[in-house]
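Reader: I am new to this structure. Please show it to me, and then I will ask about its parts.

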Amino acid sequence: MVDVEIRELMQPFVLSDYQVQEVYSRFCLEIEKGLRRNTHEQASTKCFPTYVQDLPTGDEMGKYLALDLGGTNFRVLLVTLKGHHEATVESQIYAVPKDLMVGPGVELFDHIAECLAKFVAKHDMHNAFLPLGFTFSFPCIQLGLREAKLTRWTKGFKCPGVEGEDVGLMLHDAIQRRGDAEIAVVALLNDTTGTLMSCAHRNPDCRVGVIVGTGCNACYVEHVDNVDLLDTDFKRAQKQVIVNVEWGAFGDHGQLEFVRTDYDREVDRKSINRSEQLFEKMTSGMYLGELVRLVLLRALERNKIFKLNTKRAAFVAVLQKNVDIFETKYISEVEADSFPEFPNTRRIVRQLFGVEKATVEDCQKLKYICECVTRRAATFVAIGISGLINKIIDRRVVVGIDGSVYRYHPKFDGYIREMMQKLVKPGKEFDIMLSEDGSGRGAALVAAVASKTK
């Protein structure tokens with residue numbers, strides 16, 4: 001059992017039933033505002049139509065390239081679709097150097113084009129015509145299947161000359177400047193759409209795609225009549241379209257102030273995109289570890305944890321000086337730990353803070369801090385997913401999820417399901433599936449479906 005002091009400290013992270021229901025109601029209202037033309041500007045969740053209208057049938061065939069950019073690394077994939085819901089994937093990960101994350105946008109896309117050319121040459125396909133699906137996991141206004149304008153950078157990127165520009169065209173131009181590969185950018189999507197498509201390839205009931213990784217976002221299948229931003233011609237020709245919710249920005253207009261903590265405000269104050277992506281800052285892997293660091297620092301300063309440790313002053317100094325020292329991966333390791341040995345927790349506090357002999361009680365307290373931060377994040381994600389499921393007309397809905405937090409945290413899936421049981425309408429049936437290989441295969445499937453439609 002964790003003592004009263006730590007429970008009181010963590011109380012702001014424990015959401016009441018009223019708070020959960022209120023966040024749910026506010027989220028659903030924002031979705032409606034995002035979908036309607038006359039309220040779209042005021043909505044924090046923009047609900048951009050993706051122009052991806054067809055889900056995969058499983059009989060797609062051919063070779064397709066996929067490019068997946070959404071963080072400090074990007075992946076290039078060669079996906080061979082074989083029909084019968086089968087595919088083989090060959091991929092390579094390339095780094096985005098720190099200086100390119102904040103340098104001129106043209107240089108970033110030139111770097112990507114160079115890596116694409118190397119990948120194609122390595123697979124001896126420089127003479128082949130290769131349709132490419134580009135997963136670009138940043139907030140965009142989609143103008144068509146191949147056109148999307150970046151509205152703002154997130155996740156530590158700040159390249160000038162890209163915001164407001166068509167990123168599909170920027171990639172196309174970078175490929176053309178090299179002129180050493182026959183690559184056609186046929187579809188532009190974000191990682192949530194890729195996740196939905198990848199899961200729908202294996203399960204035709206998939207209607208929602210979610211990412212809980214470095215960032216946090218979702219998309220879902222919506223009837224075209226409910227999407228005001230689509231033009232009449234598109235609506236006449238299609239019945240459904242995938243909508244990119246951009247729920248990371250939920251709360252940017254004050255909707256979450258009643259559940260935000262001092263720690264959330266501190267994380268936001270030190271971020272490069274202050275007052276933006278507030279929901280994402282409470283749910284995604286980029287920020288959860290920092291939230292734990294701030295709570296741990298407060299607990300130490302108030303003498304609520306590691307009370308008997310002789311190196312407390314040094315411990316506090318390390319926490320104060322080193323922002324982001326407590327990486328989100330440590331949360332997963334601490335929560336996976338076994339009582340009373342706590343081998344992971346003891347190793348982490350020894351490595352990071354030089355604490356040689358952590359007591360069982362201190363390990364329990366740190367685990368409880370991690371649990372409260374993670375459970376709140378999972379609760380918010382469950383609120384969003386439930387709101388989308390309840391909006392979809394299908395009785396059975398499968399949710400495809402990917403991202404490092406969901407994939408590697410031992411209890412995140414359980415936390416989400418627990419809350420969804422309370423929020424999903426009676427009569428609805430839901431399930432969650434892990435996206436098999438992230439958004440790479442999904443991007444290739446969008447390219448395949450787009451080529452087929454063409």
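Reader: Is Thr 283 buried or exposed?

Author: This is a predicted model, in which local features need pLDDT of at least 70, side-chain atom pairs count only at pLDDT 80 or more, and totals for chains, interfaces and linings use all residues. Residues are numbered from 1 along each chain as its sequence is written, and side-chain values use heavy atoms, without hydrogens and water. Buried means under 20% relative accessible area and exposed over 50%, with partly exposed in between (1.4 Å probe, protein chains only). Because its relative accessibility is 0%, Thr 283 counts as buried.

Reader: Which backbone oxygen does the side chain of Thr 283 reach?

Author: Thr 283 lies in helix 9, residues 280-283; helices here are DSSP runs (H or I, at least four residues), numbered from the N terminus. At 2.9 Å from its side chain is the backbone oxygen of Phe 279.

Reader: How many residues of helix 12 are buried?

Author: Helix 12 spans residues 328-335 and is mostly covered. Its buried residues include Tyr 330 and Ile 331, and they pack against helices including helix 10 and helix 16.

Definitions and conventions: Helix = DSSP H or I, 4+ residues; strand = E, 2+ residues; numbered from the N terminus. Polar contact = N/O pair within 3.5 Å; in protein donor to acceptor, adjacent residues only side chain to side chain. Contact = heavy atoms within 4.5 Å.
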